[in-house]
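Please examine the structure below with a view to its strand pairing, its confidence and its charged pairs.

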Amino acid sequence: MTRALNIAIIGAGVGGLAAALALRARGMEVGVYERSAEVKEIGAGLRLTPNALKALRTLGCEDAAMAIGVRMDSAATLNWRSGRLVSVQDLSATRYGAAALTIHRADMLEIFHQRLPRDIIHLDAACTGVSAEGATAVARFANGSEIEADIVIGADGIRSVVRESLFGPDKPRFTGCICWRGLVPIERHPHPAHGSQRWLGPHGHIVSYPVRRGELLNFVAHYESNAWTGESWTQEADRAELAAAYGLWNEEVQRMLAASERHYKWALYDRAPLAQWGKGGVTLLGDAAHPMLPYLSQGASMSFEDGCVLAQALHADPGNPAQALRRYEAARRPRTARAQLGSREQATSNHLASPFAQLRRDIVTALRTRFSAERSPESVSWIYDFDIERGLETQPGNPLS
């Protein structure tokens, strides 16, 4: 009888915890190591597209997420100045096999925490490096300790220590865009019928959607600027910054931005797709492997998929963990790379400055939405239709074209 694999996950974000759930469900022993000294509520909303909900279904978390999140049956695109409705995207569950959902990041983390034993999560454990030594993998920590495991998974974000330890320094690319985010009590700014709104304007766009059973409205405002390049999600911003950037935008947008008591800002970074994710018994997952811009709403969604497919690969070949990891990577790289590059392309489309270019984009978007031109390069059906139960297989539309 093959013994259970011992797996160390570096990072206790949504990707790391999703992977822990998936691996434990397949009978593997898991320890999660998080650099923070405490678990606290940071970040804000997540847009989870149907492929994410299918992964959550596999993890046994779909119903819990639906109970505290807000179902998103449609997503509206509007003109930044006039408020004209450009298009409405159909996100009904009957179309893609699962619903779409908006949820507070802290609520998603709590759902995962409730399903994991507390003693497998180790806080104040800052990883300083990893290595693959023969049949084992080793993770080292800032306090001088180290652990050995059959497998080490780097789920430690865009500035991953595990990734740097494997492949050397590689600075993320600043995209030339900064973001502001805020939460508004829904009574201060009631949200319209569509589950999500996207306002497209020159050099920027704004996305808003309800979270936490509809009690809060989450917004993220993107703007092209190199005036600030910090990455912290907890850096507070002055409301005057938003007023200056969006002073000419629609009055509804300005009322929403003003209704939040606190505003936070960060700069957007990403990386080019990697040619390989791991060596020996070490691999990467989520933003550590494929950080991407948020314009296709796939950061968290792809990390959920990663965890499920990783568990499938290891369960199929428990006697050869390194080989199983390479199979996982081969299955995931084309799909996540396409999402990374597609998110970059969407950023350009969202921030067109020319009124003529904006009008052309809006007409194309409206026609594509109305007539369901799923064969177009801009179609997202290849993302949403993904069958997570066949995650190790090549599925239509997933390889890089």
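**Reading the sheet, the confidence and the salt bridges**

Q: What joins strand β2 to β8?

A: Strands of a sheet pair through backbone hydrogen bonds, either parallel or antiparallel. In this predicted model, two bridges connect β2, residues 29-33, with β8, and the two strands run parallel. Tyr33 has His122 as its bridge partner in β8.

Q: In which order do the five strands of the open sheet lie?

A: The order is β8-β2-β1-β12-β19, with parallel pairing. At the edges are β8 (121-122) and β19 (282-284), each of which pairs on one side only.

Q: What is the mean pLDDT of the chain?

A: The mean is 91, and 93% of the residues reach 70 or more. Over residues 373-378, however, the pLDDT is below 50; this stretch has eight contacts in the model beyond near neighbours in sequence.

Q: How many salt bridges does a search of the whole structure find?

A: Side chains of opposite charge can pair when their charged atoms come close. The search finds 20 salt bridges. One of them joins Asp107 and Arg212, whose closest N and O atoms are 2.9 Å apart. This pair links distant parts of the chain, 105 residues apart: Asp107 lies in helix α5 (residues 105-114), and Arg212 in the loop between β15 (204-211) and β16 (216-224).

Q: Is Arg163, which meets Asp170 in a salt bridge, buried or exposed?

A: Arg163 counts as buried because its relative accessible area is 4%, under the 20% cut-off. Asp170, at 41%, is partly exposed. The N to O distance in this salt bridge is 3.5 Å. Elsewhere, salt bridges that share partners join Glu305, Asp306, Arg332 and Arg335 into one network.

Notes:
Residues are numbered from 1 along each chain as its sequence is written. This is a predicted model: local features need pLDDT of at least 70, side-chain atom pairs count only at pLDDT 80 or more; totals for chains, interfaces and linings use all residues. Side-chain values use heavy atoms; hydrogens and water are left out. Two strands pair if DSSP finds at least two bridges between them. Helices (H or I, at least four residues) and strands (E, at least two) are DSSP runs, numbered from the N terminus. pLDDT is the predictor's confidence in each residue, from 0 to 100. Contact means heavy atoms within 4.5 Å. A salt bridge is a side-chain nitrogen of Lys or Arg within 4 Å of a carboxyl oxygen of Asp or Glu. Buried means under 20% relative accessible area, exposed over 50%, partly exposed in between (1.4 Å probe, protein chains only).
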